[in-house]
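This briefing describes the structure shown below, grouped by topic.

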Amino acid sequence: MPEQLLFAMEVTLNGLMAGVLYALVALGFVLIFKASGIFNFAQGMLVVFAAMTLVGVQTGQIPFAHLINTIFGTKIHHFGWTVPTILAIIVAGAAMVFVAWVIEKYILQHLIGQPDIILFMATIGMWYFMHGFAPLMWGSEVMKLDVGLAQGINETIDTTTYGWFGYGFFIDNLDIVAAIVAALLVTALVLFSQYTKQGRALRAVADDHSAALSVGISLRFIWVLVWSIAGFVALVAGIMWGSKSGVQISLAEVALKALPVLMLGGFTSIPGAIIGGLIIGVGEQLFEFAIGPLVGGATQAWFAYVLALVFLIFRPQGLFGEKIIERV
Amino acid sequence: MFYREAGDFKTSYRDDNQTFPIRLDRAGYWIALFVAFCVIPFFVNDYWVNSIFAPFFIYAIAALGLNILTGYAGQVSLGTGGFMAVGAYACYKLMVAFPEINIVFHVLIAGGITAAVGVAFGLPSLRIKGFYLAVATLAAQFFLVWLFNKVAWFYNYSASGQINAPERTVFGVIVTGPNTEAWAKYMICLVFLVGVAWVARNLTRGMTGRKWMGIRDMDIAAEIIGVNPLMAKMSAFAVSSFFVGIAGALFFAVYLGAAEAGESFGITKSFLVLFMVIIGGLGSIFGSFAGAAFMVLMPVLLKNLLVGTMGWPTEIAAELEFIIVGGLIVIFLILEPHGLAQLWRLTKEKLRLWPFPH
């Protein structure tokens, strides 16, 4: 087989794996958009905040240590203990539920009935708020996240492909774990929304707010629930991203790529988010591989957005989105 | 008591439709212009110009531009930083290529080039609406910044990848480069700002502006009553990008003097200008000024208070700034979605009745 083709295949595989990570972030967007019609720009920041909280709790950091030290002139930074990973994940999950509750109570409650675009801007405000709040709470250095996931090159794939083609593919173990976790997460979400009472209520709200209200479903509870679930999804995405590249605030900008993923897949479709993520992941890797060297590289910065833009011109509702009907 | 229409007789349609219908407002406007042009330039020093006046004027131009697009025509854009970069790099290329031509023309042509780019990226707005469009404009932001970072022609193959403004003069006065006097910087920004604001005000109260507002309020309905959505949306993108391009050119040439696309025109810049428009008030000329003033002054005050007075590290001050700005955005959207401009309007309504409210 020609070498270029082999390289392209390897790039495609790695693109698929990167796409899984985009899809994980996009999933959080879709959940919130379906249930409340809010386009949550801050989802990427939730991912960073969740991951930071996890690392902070795990390594026993004192929250706001920097601020406390500045005000009171103390020199504290760590409690001096480390928390087991499982416990830390639970604490971080609880923190995300708390965040969901705060967002619902202090922001969304007061914005009911406002135009969608106002809510969208409010989430940009939340993005900015957390951009300052997260480093204030946990410090601004790059944090190393280690929850004991397998990392490094997958030897089995390397040797197998070497046996087949005479060229070993480089696939990170972590990417494989991420793909499995994503599959499990989506299955769990589907099961939850199909077979539990809350899940059904959630789908009812997504379908029609007022009809759901009239049969006695508490909108406030559903919103807290859905933001909490989005928080959990953010936590999972944060663990994956963080294990791969360390936790820092600039991760949120990478997570913005979930937006073109959504546009491609349609805002209201969970399968759309997954498939959109895979398309973007593969597309940008292949583009960088084929065209990148000709134009100076680093095309990942914009390829996803331009692809989504071009795609939307032909199909404004995305791949799986509901048809947009406009009436006067 | 003084703030009344009473006694101010309007005898023509022209008088009736003027921007400031109340005598006190008119006087205030002329006094503000007089102070800005004839008093402040004699007293400003480098600190005041560099940390307050120049950024305020330039961001006010950018905010006016974005307000036309988002506030008047209803098209949310997150690509302001990218369009400012177009203005900056176009201005740089023109300044280097045609040194004999006056910089004022360079800035205006840079605005024109930005307008063309803006229209190109605005074309999808005919099919894509709402959030979809907001995300689509991110494509402009990331693509343009990447372009100016990667294609060496734009920064004339300089080793650092930066662009540096060469020294240029207007009527014999140096306005760009490191030897610029504070007042010269101040004046050139002010002249552009007043020009842009005048054009913006008169566009938005005429037919063009009404078409934009029709499109904003409901595009299909506007189309039915005879507004051509292609022309309305494209003109909004063109005018908006023209202003934003001017702001970008001034930001680079006059204010910074040296710029690098990713650092000076990143996505944070887009957010910053959007926040100015939201806090100031969507669909208001005065709001663009108020929002820009607020977002320029607030960090300066915060920094002076925390770092200067209390001796806190700059890092914490920067983080607190994010928190305060984000919090304010949310609070404004909850309490007063129409921003500072609406507060100003309410104050004026109250003043009209004061001191006898009944």
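Of the 328 residues in chain A, 44% are buried, where buried means that 20 or more other C-beta atoms, placed from the backbone, lie within 10 Å of the residue's own. This is a predicted model, in which local features need pLDDT of at least 70 and side-chain atom pairs count only at pLDDT 80 or more, while totals for chains, interfaces and linings use all residues. Residues are numbered from 1 along each chain as its sequence is written, and chains are lettered from A in the order in which they are written.

**Chain A overall**

- Chain A has 15 helices and zero strands; helices (H or I, at least four residues) and strands (E, at least two) are DSSP runs numbered from the N terminus.
- A compact globule of 328 residues would have a radius of gyration near 20 Å, and the 21 Å of chain A agrees with this. The radius is taken over C-alpha atoms, and the globule rule is 2.2 Å times the number of residues to the power 0.38.
- Along the principal axes, the C-alpha atoms of chain A fill a box of roughly 65 × 60 × 40 Å.
- Among contacts in chain A with a separation of 6 or more, 74% are between residues 24 or more positions apart; a contact means C-beta atoms, placed from the backbone, within 7 Å.

- Just after helix 2 of chain A, A:Gly60 has a positive phi of about 70°.
- In helix 8 (residues 197–207) of chain A, the buried residues are A:Ala201, A:Leu202 and A:Val205. They lie on the same side of helix 8 of chain A because they cover an arc of only 105° around the axis, the arc being that of the directions from the helix axis to the C-beta atoms.
- Helix 1 (3–36) and helix 10 (219–245) of chain A are among the elements that cover these buried residues of helix 8.

**Chain B overall**

- Chain B has 15 helices and four strands.
- Buried residues account for 47% of the 358 residues in chain B.
- The C-alpha atoms of chain B fill a box of roughly 70 × 55 × 45 Å along the principal axes.

**Contact between the chains**

- Chain A gives 42 residues to the contact and chain B gives 40 residues.
- Helix 5 of chain A supplies 16 residues, the largest share of the side of chain A that touches chain B.

Technical notes. Contact = placed C-beta atoms within 7 Å. Buried ≥ 20, exposed ≤ 12 C-beta atoms within 10 Å, placed from the backbone.
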